[in-house]
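User: Could you walk me through how to read a few features of this model? I would like the general idea each time, then the case at hand.

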Amino acid sequence: MKGGFRVNRPGVLTLLQDAGRFGHNRFGLTTGGPADPLAFNWANRLCGNDRGITALEVTIGGLELECQADTIFALCGADMPLTINGQPKESWRSQRVKSGDRVALGYARRGMRAYLAVADGFNIPATFGSTATVVREGVGGLSGNPLQAGDHLPCADTSSRQCLSLARGYRPVYGGRVILRVVSGYQSELITNDQQQHFFASEYRLLSQSDRMACRLAGPPIDIDIPDLLSEGVCLGAIQIPPDGLPIILMHDRQTIGGYPKLGSVMSLDMSQLAQLKPGGLVSFKSVTMAEARHIRLAADSMYRQINPEVCD
């Protein structure tokens, strides 16, 4: 089979993702999509693609591909050593490859997830309007599964585009601590002011049980007398307080409804930093208003549009 990439080694967890599966929560299908949308968008942009084009999300690393097309690709996100035919290459820029080349990713030194995009994207049939892989639901990607050795990832021969690079000053820096901005929700009224202040003054540790469904935290519990609540729809970044009082932050593969009280929601802009935090990393929270969150988001979107990648051919 020609025209694409052959998976020689799938790595720890590699998933096909597009922008996400919207409009199907009523059927119990979650959104999916890239855990770090910023790195995902830059990988596509450096290939000359529109936002949302199907790319690979590589968690931790270890992916090895064999090119069966002449194309360009870009790797953005976690610091995973990149080689082409054994020669070290730079991430956060597009790279030109030809049929027969071998692309390999090492294991993340900083961050958790990297995104590998190709010119015009991987040509994967959509399921319920999206190629986003949600393993728990068995939808999207290649039959709803992570990549396996021997899988074929079709893409077009597209080698005529310019190679582009994002200047180092614009690249995210991934560390061992994140501050997440939170917009309070109506259920925060179930939590006393003292306990809310306790929450925002505390620091939590990311547990290894965290995944694309939810980030679980260890630290000072929130004391709350949980009432009987009807389950309702939940959003990306919702902060649930379960009976043990330890906050849970819902991620892209979250369930569509939930009944635990919700203190509020992490700004979508900050979810990229959370997705790149390794287990053991530290998490703290800062309260912002809805108006502040909207202003921050609009400013970030404006800056993204104004950044011009550098031609690097």
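**Reading the features**

Analyst: Let's start with Thr83, which counts as partly exposed because its relative accessibility is 22%; buried means under 20% relative accessible area, exposed over 50%, and partly exposed in between (1.4 Å probe, protein chains only). Before going on, note that this is a predicted model, where local features need pLDDT of at least 70, side-chain atom pairs count only at pLDDT 80 or more, and totals for chains, interfaces and linings use all residues. Residues are numbered from 1 along each chain as its sequence is written, and side-chain values use heavy atoms, with hydrogens and water left out.

User: Where is Thr83 found, and with which residues is it in contact, leaving aside its neighbours within four places in sequence?

Analyst: Helices (H or I, at least four residues) and strands (E, at least two) are DSSP runs, numbered from the N terminus. Thr83 belongs to strand β6 (residues 82-84). Contact means heavy atoms within 4.5 Å; leaving aside neighbours within four places in sequence, Thr83 touches Pro88, Lys89, Arg102, Val103 and Ala104. The C-alpha atoms of Thr83 and Ala104 are separated by 5.3 Å, although the two residues are 21 apart along the chain.

User: Which residues of α4 are buried?

Analyst: They are Ala293, Asp301 and Tyr304. Viewed down the axis of α4, the buried residues fall within an arc of 65°, so they line one face of the helix; the arc is that of the directions from the helix axis to the C-beta atoms. Their cover includes α1 (37-45), β13 (177-184) and β21 (282-288). On the face of α4 turned away from the buried side sit the exposed residues Ala291, His295, Met303 and Gln306.

User: And how do strands pair?

Analyst: Strands of a sheet pair through backbone hydrogen bonds, either parallel or antiparallel. Here, two strands count as paired if DSSP finds at least two bridges between them. Strand β2 (residues 13-17) has four of its five residues buried, so it is largely enclosed by the rest of the structure. Five bridges connect β2 with strand β3 (residues 55-59), and the two run antiparallel. Leu15 stands opposite Glu57 in β3.

User: In what order do the seven strands close into a barrel?

Analyst: The order is β13-β20-β17-β18-β15-β14-β21, with mixed pairing. Cys215 has Ile249 as its bridge partner in β18.
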